[in-house]
Amino acid sequence: MKKVLFHSPSITTRYGIPKFCSFVTLSASTFLLCYLPTHFASSMRVHNCKYLHSFRNVENDAAVARFECMLSMRPPPSVVEFNKILGAFVKMKRYPTAISLCPRMEFKGITPCLYTLTILINCYCLVGRVAFAFSVFGKIIKWGYGLDIVALNTLIKGLCVSGKVVKALDFHDELVAKGFQFNEVTYGTLINGLCAAGQTGAAIQMLRTIEGRVVKPNVVMYSTIIDSLCKYGLVNEAHDLYSEMIAKGVSPNVLTCQSLIRGLCVVGRLKEAIQLLDETVQKGIRPNVYIFTILIDALCKKRMLKEALVMCDKMIGSGHEPNIVTYTALMGGYCLNNKVDEARKLFDIVVQRGFAPDIWTYSILINAYCKLERLDDAVNLFHEMCRKNLVPNLVTYNSLIDCFCKSGKVSYARKLIIAMHDNGLTPDVITYSILLDALCKSQNLDQAIALFNKMLERGLAPDFWSYTILINGCCKDQRMGEAMNLLKEMHLKNLVPHTVTYTSLIDGLCKSGRISYAWKILNEMHHNGPPPDEITYSVLIDALCKSQHLDQAIQLFNQMIQRGVAPDVCSYTILIDGCCKAERIDEAMNLFKDMYLKDLVPDTVTCICLVDGLSKSGRISYAQELVNVMRKNGLNSDVTTYGIFLDALCKSQHLDKECLIAAHS
């Protein structure tokens, strides 16, 4: 199916994006044809009042003092000298100061030149006052400077940065219709604005439109679109555009390759990403540290630690030193491969080399310690992080809170939440879900419900996991009415229940004796989703077996296979046990053989069930054979198994020396 890059409403521009009737405060034609000087004067007066406080705050500043000194000179210096100071303020990103100084020049009789006005336009755009920037542009036209391309590009960039890309296109179209020709900078700016607004399709359309004109698509335009396509997961389209630019003689740069390599890594196409890296080197483009780090991170996330380390060596060999992001990615790779101690060694080496670990570096290690239930190590690292004035983020806090809860230290988890608030962080849905799970598992369901309601009062929208945790808690506590109400609430909020959600409900219904209703829900899952898995079926099969409805259990087992859900060892074991208890040993043996045919290895529980069934039915030789098979396959023929077997021997009066030796051999 063809992917749609953008929508085409009934009223659109030539670039396929929504067209708005209104333009900026004054349209381009107003400035070009009938500009009113009085508007400029009144607008400037109003706006300058807003920036007057900025001038007052910096009047002791040396640069401002110099500017004021120059204004008092007679004769005053050239406007070029004033422009230098204004330009310096722009470089320092002190745009309001530059804006406040420009009217001072005019007040002292110094006429701004085109460069001065362009600086002013740029400053207004950078503070989001695009309408005032157009007012200055009107002044440029009025004073006879004409349509200056630098000023026009600055205005177009200002509109794009302000999220008004449609108005930027309207402005462009209006001037092109009057015969004005824009340059590569203009189209690069417009394409970037379109991509930033998520209108990648329109950006491609513009690229196609300018082909064959005086302005030719360049590497910046292609790279911008390739980067945008990759961000939206359209990696095939990005790769096609990459091939197209090479075919048209436009050489990619390091940023082009970086975007495409990142896009390939995100969708899991690591082999192609590494191949592209090699092609990049062959084209004479030197990969930067970011490209190598992207690949190292992707390899680590795929648990390909050895390959990631080889890539790191390759990076160092090419003359690039790993940065803290590279090292953090490698630490993550060690942790994913359950090598947290090696990750800690790397962490210590990084510190020794003078790198400052950031929040993510600490968080990765803390999370790994928590998953291994090494709470003391996690807490010590957390305290070290705080001592270095690094404020933990939600990921760090949630990892620790989860570990505290799983260790049964809910009170410590609550203290950590207070610490979160003290650091200006608000618990999110994950934080609440962790606490809900802990309260439900410790059989404090009423407290969990109270916390859930508190979560709603604070404006946090529970996700499907929050509901699933609470539904499971209600089912375990046999409060099925509340569980069903929560499910209805999920549907009303357009939250799609997970398979786990329904499995919990089916388990609760079975344990409360409502097996027929549980079966009905299972069938609804097949028709409306989410589809049941082998665990869902096993729960219902177990309930049917325990309620002595073995034929229905077998029927459901067969239905499970017909619907494409493969039974696992647990599913077979439940049914084998049910058959044995119903003294239908032949059926149990057939199921046992079927497991082997499907390459499912029976576990100790499966064998114990069958040994018990065979022994009670007097099939001692078969039971003995099964015990021997268990021993040969390395299964744990424990005291329970031998106890069952010996008990059967006693009852069947086969307690001669030979049998006892066989039982213990």
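**Close-up views of a predicted model**

**View 1. Asn-393 caps the N-terminal end of helix α22.** A side-chain oxygen of Asn-393 lies 3.2 Å from the backbone nitrogen of Val-395. The model is predicted: local features need pLDDT of at least 70, side-chain atom pairs count only at pLDDT 80 or more, and totals for chains, interfaces and linings use all residues. Residues are numbered from 1 along each chain as its sequence is written, and side-chain values use heavy atoms, with hydrogens and water left out. Just after α22, Gly-408 takes a positive phi of about 80°.

**View 2. Helix α22 covers residues 394-406.** Helices here are DSSP runs of H or I, at least four residues, numbered from the N terminus. The 13 residues of α22 should span 18 Å at 1.5 Å a residue, and this agrees because the end C-alpha atoms are 18 Å apart. The expected span is 1.5 Å times one less than the number of residues. Buried residues of α22 include Tyr-397, Asn-398, Leu-400, Ile-401 and Phe-404. Buried means under 20% relative accessible area, exposed over 50%, and partly exposed in between (1.4 Å probe, protein chains only). What covers these buried residues includes α20 (359-371), α21 (375-387), α23 (410-422) and α24 (429-441).

**View 3. Thr-396 lies in helix α22.** Thr-396 is buried, with a relative accessible area of 1%. Its side chain joins that of Ser-363 in a polar contact of 2.5 Å. A polar contact is a pair of N or O atoms within 3.5 Å; within protein, one must be able to donate a hydrogen and the other to accept it, and residues adjacent in sequence count only if both atoms are side-chain atoms. Leaving aside residues up to four places away in sequence, Thr-396 touches Ile-359, Ser-363, Ile-366, Phe-382 and Met-385. Contact means heavy atoms within 4.5 Å.

**View 4. Ala-419 sits in helix α23.** Ala-419 is partly exposed, with a relative accessible area of 24%. Ala-419 and Tyr-397 are 22 residues apart in sequence. In space, C-alpha to C-alpha, Ala-419 and Tyr-397 are 9.2 Å apart.

How values were computed. Helices (H or I, at least four residues) and strands (E, at least two) are DSSP runs, numbered from the N terminus.
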